[in-house]
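Reader: I am new to this structure and would like to know what stands behind the words used for it. Could you take me through it term by term?

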Amino acid sequence: MSDSLVFHFDVDGDNFTSAGQASTQVKKNLRQLGLSPAIIRRVSIAMYEGEINMVIHANGGTADVVVTEEYIEIVLEDRGPGIQNVEQAMQEGFSTATDSIRSLGFGAGMGLPNMKRYTDSMSIDTVIGEGTTITMRVNLA
Amino acid sequence: MKISMIRDLLDADVLCYGEGLESDVYSACGSDMMSDVLAYVKDQAVLLTGLVNPQVIRTAEMMDMKCIVFVRSKKPNENMISMAEDDGIVMMATDMRMYDACGTLYINGLIGTKAVHV
């Protein structure tokens, strides 16, 4: 693990325009590491969806990305309202987003399913009223 | 299909040239919902959309797309144009509506992609 790289980002919850900046930066960093475009795309899409979720549902939070020789791990932590029903939230098409969020192109109920689809593992640790931590891994080996 | 042909077929105004109009592209998708775009990866190189905000460009960037076409006369602001230019993405705007723009490209050989979940 001594060879692992860690990237940390604060995700601003008040600014929809800047949402995705952390994912954009991670994509650039992974390109510099010479990883395959397919892996980079999976990581960056999963993180981007998570980042958007943090902005529209949880007033921002933090994103940490760890790159080892075996995997890339993305940890998204927020202090938002928590997810009432994780099983329901994982269903494609289910969303609690408002019409104003939909008018911005999100809230189609595809965020969490997309994050699961593009990663090899994903866990959701959520406490109502306290926040949510999502941990995703994409295997490299 | 070359990106320059997309411009010609849609009678579109090019707003930024990114990595140029001579790249070949083989598939496209049309949607105003970015998460739907992000759900289906199969090397779509062109995104047609009526949505105008910076997340359109970020979505295209995450998907490694080469070209964004705004339909229904939608125009992005300077900040969005500059983002696309930095990402090497060609951006253009057409007066055509989504259905007509997609149909025009399709019948001229730029087929879509089957919905393949990765």
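Author: Gladly! Let's start with Asp11(B), which lies in the loop between H1 and strand E1 (13-16) of chain B. Helices (H or I, at least four residues) and strands (E, at least two) are DSSP runs, numbered from the N terminus. This is a predicted model, in which local features need pLDDT of at least 70, side-chain atom pairs count only at pLDDT 80 or more, and totals for chains, interfaces and linings use all residues. Residues are numbered from 1 along each chain as its sequence is written, while chains are lettered from A and ligands numbered from 1 in the order in which they are written.

Reader: Why does Asp11(B) count as exposed?

Author: A residue is buried if 20 or more other C-beta atoms lie within 10 Å of its own, exposed if 12 or fewer, and partly exposed in between, with C-beta atoms placed from the backbone. Asp11(B) has 12 C-beta neighbours inside 10 Å, so it counts as exposed. Its phi is near 50 degrees, a positive value in a residue other than glycine.

Reader: Which residue in the loop between E4 and helix H4 (78-87) of chain B can I look at next?

Author: Ser73(B) is found there. It is not a glycine, yet it has a positive phi of about 60 degrees. With 12 other C-beta atoms within 10 Å, Ser73(B) is therefore exposed.

Reader: Which residues is Gly61(A) in contact with, leaving aside its neighbours within four places in sequence?

Author: Two residues are in contact if their C-beta atoms, placed from the backbone, lie within 7 Å. By that rule the partners of Gly61(A) are Val11(A), Met54(A), Leu76(A), Glu77(A), Asp78(A) and Arg79(A).

Reader: How do you know that the buried residues of H1(B) are on the same side?

Author: In helix H1 (residues 3-10) of chain B, the buried residues are Ile3(B), Ile6(B) and Leu10(B). They cover an arc of only 45 degrees around the axis, which puts them on the same side of H1(B). The arc is that of the directions from the helix axis to the C-beta atoms. The buried residues of H1(B) pack against strand E3 (46-49), strand E4 (67-70), strand E5 (90-93) and helix H5 (98-107) of chain B.

Reader: And what makes the buried residues of H5(B) share a side?

Author: Ala101(B), Cys102(B) and Leu105(B) are buried in H5(B). Their arc around the axis is only 95 degrees, which puts them on the same side of H5(B). They pack against H1, strand E2 (28-30), E3 and E4 of chain B. The face turned away from the buried side of H5(B) carries the exposed residues Tyr99(B) and Ile107(B).

Reader: Why does the radius of gyration of chain B agree with a compact globule?

Author: The radius of gyration is taken over C-alpha atoms, and the globule rule is 2.2 Å times the number of residues to the power 0.38. For 118 residues, a compact globule would have a radius of gyration near 13 Å; chain B has 12 Å, which agrees. Its C-alpha trace spans about 35 × 30 × 25 Å along the principal axes, and buried residues make up 47% of the 118 residues. Chain B has five helices and five strands, in the pattern α-β-β-α-β-α-β-α-β-α along the sequence.

Reader: What makes E1 and E4 of chain A edge strands?

Author: Two strands pair if DSSP finds at least two bridges between them. Chain A has an open sheet of five strands in the order E1-E2-E3-E5-E4, with antiparallel pairing. Strand E1 (5-12) and strand E4 (121-127) of chain A each have a single partner strand, so one side of each is left without a neighbour in the sheet. E4(A) and strand E5 (residues 131-139) of chain A pair over seven bridges in the antiparallel sense.

Reader: How many residues of chain A are in contact with chain B?

Author: On chain A there are 20, in contact with 19 residues of chain B. H2(A) supplies the largest share of that side of chain A, six residues.
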